[in-house]
Amino acid sequence: IAEIHDAGVVHSNLTTENIIVDDSNENTNVSVKIIGLGSASFQNNGNGKLQMIRKDLTSLGLIFFEMFTGQYPFQVKGENRLLSPNQLIFELTCKVPLVIAKILLHIMEIGGYT
């Protein structure tokens, strides 16, 4: 995602459906591809670009939450209402070390975890 942002492009629609992990190689290399760039946009405006990058990073945090906990971070799939901060903190700290949980909560912009 950093390479996309460095090129001045923001994805704007990062979801688990837009990430493909290929571990079919016989060696230990894993390939990760981000697809769905049809909704991506080129941003050269400083403030607008930062807001869009922030949205991409927040989305990435939500994807990591789902990956680490096996649970969707929203109350109902397809809605934009997150679980309560206490539920998010509880789910993460039960599954990953505290330092990783804090990083993810920060990326997801969830307060109250310090």
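Modeller: D56 is placed in helix α2. Keep in mind throughout that the model is predicted.

Biologist: What makes D56 a residue with no salt bridge?

Modeller: A salt bridge needs a side-chain nitrogen of Lys or Arg within 4 Å of a carboxyl oxygen of Asp or Glu. For D56, the nearest side chain of opposite charge is K55, 6.5 Å away. D56 is therefore listed without a salt bridge, although D56 is buried.

Biologist: Which residues does D56 touch, not counting those up to four places away in sequence?

Modeller: They are I1, H5, V10, H11, S12, N13 and L14.

Biologist: How many aromatic pairs are there?

Modeller: The count is two, for rings with centres within 6.5 Å.

Biologist: Why is the pair F64 and F68 called stacked?

Modeller: The ring centres of F64 and F68 are 6.0 Å apart, and the cut-off for a pair is 6.5 Å.

Biologist: Where do F64 and F68 lie?

Modeller: Both are in helix α2, which covers residues 46–69. Four residues separate them, about one turn of the helix.

Biologist: Why is F64 called partly exposed?

Modeller: Partly exposed is the range between the 20% limit for buried and the 50% limit for exposed. F64 has a relative accessible area of 30%, so F64 belongs in that range. F68, with 34%, is partly exposed as well.

Biologist: Is F74 buried or exposed, and how do you know?

Modeller: F74 has 14% relative accessibility, and buried means under 20%, so F74 counts as buried. Y72 has 25% and therefore counts as partly exposed.

Biologist: What share of the residues in the protein chain is buried?

Modeller: Of the 114 residues, 29% are buried.

Biologist: How many helices and strands does the chain have, and in what order do they run?

Modeller: The protein chain has four helices and four strands. From the N terminus on, their order is α-β-β-β-β-α-α-α.

Note on methods: Residues are numbered from 1 along each chain as its sequence is written. This is a predicted model: local features need pLDDT of at least 70, side-chain atom pairs count only at pLDDT 80 or more; totals for chains, interfaces and linings use all residues. Side-chain values use heavy atoms; hydrogens and water are left out. Rings of Phe, Tyr and Trp (its six-membered ring) pair if their centres lie within 6.5 Å; planes under 30 degrees apart count as stacked, over 60 as edge-to-face and the rest as tilted. Helices (H or I, at least four residues) and strands (E, at least two) are DSSP runs, numbered from the N terminus. Buried means under 20% relative accessible area, exposed over 50%, partly exposed in between (1.4 Å probe, protein chains only). Lys and Arg count as positive and Asp and Glu as negative; His and the chain ends are not counted. Contact means heavy atoms within 4.5 Å.
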